[in-house]
Amino acid sequence: MRRWVWLVLCVSTRAWAEDYRACKELFVSPLVSKVAETNASGAPWDEGSLPDPELTAMVADAEGATPAVIGPRLEDSTVLAWNSLPLAETRSGAWLPVGVGGSLQLMLTDQDDGPSDFIGAFSVTVPESLAQTGTAFVQATSQGAQPVSLTLRISASDGKRGCAGMEKVGPARYELPAPTFSARVDAALFEKIRSAQKCKAGSTPPECVPERYDVLYTHELVEGAWLTVVSGGGQAGAAGKFHAIAWGVDPATRQVAFLGRCDTLKTSPSVEGAVACVQGSKATFISLEKGKPRTRAANARELEALKGSP
Ligand SMILES: [Ca+2]
Ligand SMILES: [Ca+2]
């Protein structure tokens with residue numbers, strides 16, 4: 001009798017979930033950060049040029065730990081767009097000997113020929129949720145007079161192999177820690193933007209460069225839904241900013257609902273579940289209905305209502 005009980009217990013545990021606590025290392029990749037154009041005392045980082053930031057990380061409270069470069073030096077940059085949300089596109093990062101619940105110390109510096117300038121230091125704890133999901137997204141803010149924010153992906157895979165200590169890892173899960181989160185625009189979405197912006201192969205005007213776009217993952221625009229909102233492009237002479245709006249965060253399942261120019265995005269209490277792209281005296285409502293993206297022009301009454309909305 002007792003033997004049967006044990007058998008059932010073992011089978012159900014195995015089918016239940018993988019536990020990423022078994023990982024002896026995790027892959028840590030920086031997503032995005034923004035650095036001010038001047039340092040805390042108001043002086044330029046370099047004589048006549050922007051900083052050249054580099055991000056290192058090391059395991060905290062570990063004897064003999066050495067810092068590893070996880071965000072390679074970006075020349076004359078204040079927008080540090082290292083990686084996008086999807087794991088498949090890891091462009092930088094490093095395996096570090098840290099596990100669930102462990103701590104990391106990160107340091108952002110302006111890499112100079114002589115001594116480097118300090119930009120910010122971050123302390124990050126690997127979230128407990130990673131034990132179940134295998135991927136955690138983390139938002140960190142540096143201490144000090146000029147706080148810098150940084151988003152990170154910590155995962156049991158680098159997109160090519162799983163962590164040491166586990167036979168296989170499951171697919172990435174996109175659970176974001178804050179109501180708004182940022183990363184580099186991913187290649188699949190940027191391909192759609194390039195096409196909408198009529199970018200030619202190899203051309204690099206601002207509207208054709210991924211670093212010139214901000215990506216906001218937010219569930220503050222539409223109740224009960226995560227949206228991917230890409231904006232930017234900085235096109236000279238054109239009104240408004242270029243926007244790409246998708247319902248969902250996971251690139252495999254999100255639905256791209258809108259590509260076009262807007263002065264601002266607004267929500268209207270009279271039109272539930274939709275985002276309004278306002279441009280000049282017109283507005284377009286963007287929504288997802290029965291699983292399908294839908295856009296329609298706002299009527300006169302709705303335009304009047306939008307004027308009063310934030
Ligand atoms: Ca410097
Ligand atoms: Ca520089």
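Start by selecting the four strands of an open sheet, which run in the order β3-β2-β6-β7 with antiparallel pairing. Here strands are DSSP runs of E with at least two residues, helices are runs of H or I with at least four, and both are numbered from the N terminus. Two strands pair if DSSP finds at least two bridges between them. The edges of this sheet are β3 (68-71) and β7 (117-125), each of which pairs on one side only. On average, neighbouring strands are turned by 30° against each other, direction ignored. Such angles run from 0 to 180 degrees between N-to-C directions, with axes as lines fitted to C-alpha atoms.

Before going on, a note on what you have open: this is a predicted model, in which local features need pLDDT of at least 70 and side-chain atom pairs count only at pLDDT 80 or more, while totals for chains, interfaces and linings use all residues. Residues are numbered from 1 along each chain as its sequence is written, and chains are lettered from A and ligands numbered from 1 in the order in which they are written.

**Stop 1: the β2-β3 pair**

Zoom in on β2 (residues 53-59), which pairs with β3 in the antiparallel sense over three bridges. Pick Leu 55 and look across: Gly 71 in β3 stands opposite. Asp 76 has a positive phi of about 45° although it is not a glycine. Most residues other than glycine have a negative phi. Asp 76 counts as exposed, with 11 C-beta neighbours inside 10 Å.

**Stop 2: the whole protein**

Zoom out. The protein has four helices and 18 strands, and its C-alpha atoms fill a box of roughly 70 × 65 × 40 Å along the principal axes. Of its 310 residues, 33% count as buried. Among contacts with a separation of 6 or more, residues 24 or more positions apart account for 56%; a contact means C-beta atoms, placed from the backbone, within 7 Å.

Now give the two domains their own colours: domain 1 is 19-177 and domain 2 is 187-307, with bounds from an automatic or database domain assignment. Their centres, taken over C-alpha atoms, are separated by 28 Å. Seven residues from domain 1 and seven residues from domain 2 take part in the contact. On the domain 1 side that touches domain 2, there are six nonpolar residues, no polar ones and one charged. In this count Ala, Val, Leu, Ile, Met, Phe, Trp, Tyr, Cys and Pro are nonpolar, Asp, Glu, Lys and Arg are charged, and the others, Gly among them, are polar.

**Stop 3: the five-stranded sheet**

Next, select the open antiparallel sheet of five strands in the order β10-β11-β12-β13-β14. Its edge strands are β10 (180-182) and β14, each pairing on one side only, and the twist averages 20° from one strand to the next.

Step across it:

- β11 (residues 213-218) pairs with β12 over six bridges in the antiparallel sense, and Val 215 stands opposite Val 230 in β12.
- β12 (residues 227-232) pairs with β13 over six bridges, again antiparallel, and Gly 232 stands opposite Phe 242 in β13.
- β13 pairs with β14 (residues 255-262) over seven bridges, also antiparallel, and His 243 stands opposite Gly 260 in β14.

Is β13 enclosed or open? Six of the seven residues of β13 (residues 241-247) are buried, so this strand is largely enclosed by the rest of the structure.

**Stop 4: the core**

Show the largest nonpolar core, with 72 residues; Leu 26, Val 28, Leu 104, Ile 154, Ile 245, Ala 276 and Ile 286 have the most contacts inside it. A nonpolar core is a set of buried Ala, Val, Leu, Ile, Met, Phe, Trp, Tyr and Cys residues joined through C-beta atoms within 7 Å. Strand β1 (residues 26-34) gives the most, with five residues. Domain 1 (19-177) and domain 2 (187-307) both contribute residues, so the core lies between them. Centre on Ile 286: leaving out residues up to four places away in sequence, Ile 286 touches Ile 245, Ala 257, Phe 258, Ala 274, Val 275, Cys 277 and Thr 295.

**Stop 5: the end of β17**

Finish at Glu 289, in β17 (residues 282-289). Glu 289 counts as exposed, with 9 C-beta neighbours inside 10 Å. Lys 290 is in the loop between β17 and β18 (292-297), and has a positive phi of about 50° although it is not a glycine. Lys 290 is exposed too, with 5 other C-beta atoms within 10 Å.

Notes
A residue is buried if 20 or more other C-beta atoms lie within 10 Å of its own, exposed if 12 or fewer, and partly exposed in between; C-beta atoms are placed from the backbone. Two residues are in contact if their C-beta atoms, placed from the backbone, lie within 7 Å.
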